Amino acid sequence: MAYEKVQGDHLFDGEKLWGREKVLVRDQQGRKIDIINANEAGDNVNYVPGLITPGFVNAHCHIELSHLKNVVPRHTGLVPFLLQVVSKRDFGPRVIQDRIADAIQEMKEDGIIAVGDICNTTDSLEQKLGSGIHWQNFVEVLSITEARAPEMIGHYSSILALYESKGVGRSSLVPHASYTVCAKALSMINDATEGRLISIHNQETRAEDHLFQTGESEFLELYRYFGISSSPFRVTGKSSIRSYLPYFNKGQTIILVHNTFMPEEDIEWANDYAKSNGINLVYCFCVNANLYIENALPPIQQFIDRGCRIVIGTDSYSSNTELKISHEIATIRDRYPSIPAETILKWATVNGADVLGIDTVWITGCRLQVTGCR
Ligand SMILES: [Zn+2]
């Protein structure tokens, strides 16, 4: 079998970061055959400057929103942000397609090999075909009112069927967030996703907990925009995650995205709930998007301390200036200097591949700064 021996300035083997003393042996598809000591590697070792690592996995993106780059102002908070996103409709299909193509190219150049991508439409379908990236399409349901739940589930199921029929990676139906998916739709999604990988935006703003704890919440403004005069959600007196997670109990793996305002006691509660109800939780952080929208950061150390499974995402161009996992890693290193580089690299690579259920592909020549802190 044809294979290649590559040496970089650093090699991350999925657990540990090495210097030039290790050499990757990989096949033509980029899969690892072995990692060997440089002094035993013999001839024909190609030196490529930079880092050798399992490829990056972008666990949360909305590539179909790539035309919103530099459109939405920063630091508005989530509700004004969402109102901006839903009202920006003046983009033609050509622009949308071109921006998606540019975004795919940018991700590939960053060493991203797989993407968990939110789809509310089929806009990204054509560009994904033959892109060389593994796609996990999260076809995302928005269904605020109970009355329209069956109609909305039907609509998004037909989008899901299109992704599945074209064979673009894997696809599943997912809820958008606690404040946009009613109880009836949550139950229908639970029934439709037994044993599947799904995702939900979780506790991205304080207003999300307020909606369920008191009913007084900034989200009422969002509902008014959609012509709904009062909150369609039952006040449970509990936090957002304690209000929606009990609708899920069919062996799903659920990627909780953002978790910016998730209190310690909710992390413990969620992990206990998952254990006793046979579901798996994965926590995805998109720190540049959190800084862009809320100018806030999630308490990542608390998730580490509780042994949570962690992955990394970029979110979309509506709330980020780049769709690069290397940029997310750099921001995490900068903002959380006590977290070791190896830990963050693991989240960005093998953890993501494991959650998406793919064999990893190794990349070379990555220019990410991995020693010291910036
Ligand atoms: Zn998102």
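1. The sheet 12-13-14-15. Four strands make an open sheet in the order 12-13-14-15, and the pairing is parallel. Pairing here requires at least two DSSP bridges between two strands. Helices (H or I, at least four residues) and strands (E, at least two) are DSSP runs, numbered from the N terminus. Strand 12 (197-202) and strand 15 (310-312) are the edges; each has a single partner strand, so one side of each lacks a neighbour in the sheet. On average, neighbouring strands are turned by 30 degrees against each other, direction ignored. Angles run from 0 to 180 degrees between N-to-C directions, with axes as lines fitted to C-alpha atoms, for helices over the stretch in contact.

2. Basis. This is a predicted model: local features need pLDDT of at least 70, side-chain atom pairs count only at pLDDT 80 or more, and totals for chains, interfaces and linings use all residues. Residues are numbered from 1 along each chain as its sequence is written.

3. Strands 14 and 15, and helix 13. Strand 14 (residues 280-285) runs parallel to strand 15, joined by three bridges. Cys284 has Val311 as its bridge partner in strand 15. Helix 13 lies across strand 12, strand 13 (253-258), strand 14 and strand 15. Its angle to strand 15 is about 110 degrees.

4. The core. The largest nonpolar core has 103 residues, and Cys284 and Val311 have the most contacts inside it. Such a core is a set of buried Ala, Val, Leu, Ile, Met, Phe, Trp, Tyr and Cys residues joined through C-beta atoms within 7 Å. Helix 13 (residues 341-356) gives the most to this core, with eight residues. Domain 1 (3-49) and domain 2 (56-359) both contribute residues, so the core lies between them.

5. Around Cys284. Leaving out residues up to four places away in sequence, Cys284 touches Ala59, His60, Ile255, Leu256, Val257, Val311, Ile312 and Gly313. Contact means C-beta atoms, placed from the backbone, within 7 Å.

6. Strand 9. Eight of the eight residues of strand 9 (residues 112-119) are buried, so this strand is largely enclosed by the rest of the structure. A residue is buried with 20 or more other C-beta atoms within 10 Å of its own, exposed with 12 or fewer, and partly exposed in between; C-beta atoms are placed from the backbone. Strand 8 (residues 56-61) pairs with strand 9 in the parallel sense over four bridges. Strand 10 (residues 134-141) also runs parallel to strand 9, with six bridges. Asp117 stands opposite Cys61, and its bridge partner in strand 10 is Asn137.

7. The sheet 5-4-1-6. Four strands form an open sheet in the order 5-4-1-6, with mixed pairing. Strand 5 (32-37) and strand 6 (45-47) are the edge strands, each pairing on one side only. The twist averages 30 degrees from one strand to the next. Strand 1 (residues 3-7) and strand 4 (residues 22-27) run antiparallel over four bridges. Tyr3 stands opposite Asp27 in strand 4.

8. Domains. The chain is divided into domain 1 (3-49) and domain 2 (56-359). Bounds come from an automatic or database domain assignment. The C-alpha centres of the two domains lie 35 Å apart. Six residues of domain 1 contact seven residues of domain 2. On the domain 1 side, two are nonpolar, one is polar and three are charged. Ala, Val, Leu, Ile, Met, Phe, Trp, Tyr, Cys and Pro count as nonpolar, Asp, Glu, Lys and Arg as charged, and the others, Gly among them, as polar.

Note on methods. Contact = placed C-beta atoms within 7 Å.
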